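Colleague: I am new to this one and would like to look at it with you. Could you bring it up, please?

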Amino acid sequence: MKIVQINCTYNYGSTGKITRDLHNALKENGFESIVLYGRRQNSTQSDVVKTCSEVEAKSWNLISRFTGRPYAVSPIGTRNLIAVLKNETPDIVHLQCINGFFVDIYQLLDYLKQAKIPTVITLHAEFMYTGNCSYAFECNQWEKGCKKCPNKKKALKSLLFAPVAYNWNKMKESFEGFEELVLCPVSKWVYIRAQKSRILEQYNMRTIFNGIDTTIFSYDMQKAYKLKEKIKIGEKKIVLHVTADYNNPIKGGRYITELSQKLNQDKYCLIVVDGNDSPPPDDFNGIYWGRARNQEELATLYMIADVMTITSSRECLPTTCVESLCCGTPIVCFDFHNGFEESDFPIEYVKMVPFGKLEQLKKMIEVTAEESVDKEKISYDSKNIFSCENMTKNYLEVYQSLINSERI
C-alpha cells in the first residue's frame with residue numbers, strides 16, 4: 001500500500017510533527033509512504049517533497065488579504081502537487097492540515113474526487129466544514145451556509161472583501177460526490193461540529209486522536225531533576241505555559257502576563273515556552289524560555305512543571321496538552337471548547353475554568369500545584385491514549401476500510 005500524506009509543513013509545528021511521526025511509523029510497518037508539503041524548510045529526504053515555493057505562498061497570503069479567498073491560491077504549487085500525485089498513483093491520499101497558502105484546496109479536492117483516489121482527511125481545525133474560518137467561535141452560520149460574516153478580519157484576515165457565501169458554497173461543491181472519503185476529526189468536539197455542517201454531514205467519520213512520540217514525551221525523573229537544578233528556582237512550584245505564538249490573540253497570551261503578575265513570586269515560577277519566539281511584554285513576571293531547542297528539551301520542561309496551563313479561547317485538540325500529560329504533568333486551562341463536556345483527555349488530570357475567568361484559573365493552578373501527584377501514573381495513562389503507535393494503528397484501519405470499500 002502506498003500512502004501519500006499532504007500537510008502544510010513537515011517536521012515543523014504540531015501538524016508537521018504529526019505528519020513526520022506517521023510517515024516514519026508507516027515505513028517502519030512496511031508501507032510505502034510519501035509526504036508532500038508546501039511551507040518552511042526544504043527536505044533532503046527523497047520521499048518528502050516540497051511542492052510550493054515560499055515566494056508563491058507568501059505572495060498568495062498577501063493577495064488573499066484583499067480577495068478574501070484564502071483557499072483558492074498558489075496555482076504553480078497546486079500544479080506541482082497534483083503532478084506528483086499523478087506520477088505516484090497512491091492507494092491512499094491522507095490530507096492533514098492543508099491551509100497555509102501552498103495549495104488550492106478546491107482544485108485538490110476536485111482532482112482527488114474525479115480521480116477516485118481513496119482519501120482520508122484529518123480535521124485539525126474547522127475550516128473544512130466552515131468553508132471559511134479556522135475557528136467559528138460563537139457564530140453558527142457555517143452549519144447551513146455563511147451569508148454575512150460578523151468578523152471578516154478575524155475569519156479570513158481580509159482587509160477588503162469577505163466573500164463568505166462564495167467560499168462556503170465552493171467548499172461544499174468541492175466535496176459533493178466524493179465517493180471514497182473518510183473524515184477523521186481529532187477530537188469528539190470536532191466530530192460533533194463536523195456532523196452539523198452541510199458540507200461534511202453525509203460523510204463517514206471516525207475520531208482519531210493525534211499521537212506523539214512517547215519515547216520522548218514521557219516522564220523521566222532523572223532528566224527532570226537535572227533541569228530543575230540547572231534553572232535554580234529552589235522550592236518554588238513551576239507553572240508552565242507552552243504556546244505556538246504568545247502574541248496570537250486566540251492563544252490568550254495577555255492572560256498569562258496578568259497571571260504572572262498575580263502569582264506569589266516567592267512561591268511560584270511561571271515559565272513560558274513560545275514556538276514563534278514572540279516575547280511577552282516587559283511587565284511579564286517570570287522566565288521567558290523562548291523556543292525549545294529540540295523536542296527533548298521541550299519534554300523535560302513539561303516534566304519539571306507542577307502544572308501546565310493554556311489560555312486559548314479555542315483549540316481542537318491542543319498538542320501542548322497531550323505532550324504535558326504524557327510527560328506526567330496535570331493541566332489547568334480555560335475551557336477552549338466553550339462548555340462542551342470534555343471527554344478527550346483523562347478528566348482527572350485536566351481542570352477547566354470558563355474562558356476569561358482569570359481569578360478562577362489562578363486559584364485552580366495554585367491548588368493543583370500544591371497537590372501531590374503521581375507523575376508516572378499520569379504519563380502511563382496518557383501514553384496509552386495518545387501514542388503514535390495508537391494513531392498509526394487507527395489510521396491503518398481507516399486506510400484498509402477504504403481499500404476494501406467498507407464503512408467504519
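Colleague: How do the residues of the lining of the largest cavity divide into nonpolar, polar and charged?
Modeller: Five are nonpolar, three are polar and none is charged. Here Ala, Val, Leu, Ile, Met, Phe, Trp, Tyr, Cys and Pro count as nonpolar, Asp, Glu, Lys and Arg as charged, and the others, Gly among them, as polar. The model is predicted, with local features needing pLDDT of at least 70 and side-chain atom pairs 80 or more, while totals for chains, interfaces and linings use all residues. Residues are numbered from 1 along each chain as its sequence is written, and side-chain values use heavy atoms, without hydrogens or water.

Colleague: Which residues line the largest cavity?
Modeller: Gln96, Cys97, Thr122, Leu123, His124, Ala125, Phe127 and Met128 do (on a 1 Å grid over the protein atoms alone, a cavity is a set of points where a 1.4 Å probe fits but cannot get out, and lining residues have an atom within 4 Å of a point). β5 and α5 (127–130) each give two or more residues to this lining (helices are DSSP runs of H or I with at least four residues, strands runs of E with at least two, numbered from the N terminus).

Colleague: How much space lies in the largest cavity?
Modeller: About 40 Å³, counted as the space filled by probe spheres set on grid points joined across faces, edges and corners.

Colleague: Changing topic, is lysine 362 buried or exposed?
Modeller: Lysine 362 is buried, because its relative accessible area is 12% (buried means under 20%, exposed over 50%, partly exposed in between, with a 1.4 Å probe and protein chains only). Lysine 362 belongs to helix α13, residues 358–370.

Colleague: And what is lysine 362 in contact with?
Modeller: Leaving aside neighbours within four places in sequence, lysine 362 is in contact with Leu259, Lys262 and Leu263 (heavy atoms within 4.5 Å).

Technical notes
1 Å grid on protein atoms, 1.4 Å probe; cavity = no way out; pocket = protein on both sides within 12 Å on 5 of 7 lines; lining within 4 Å.
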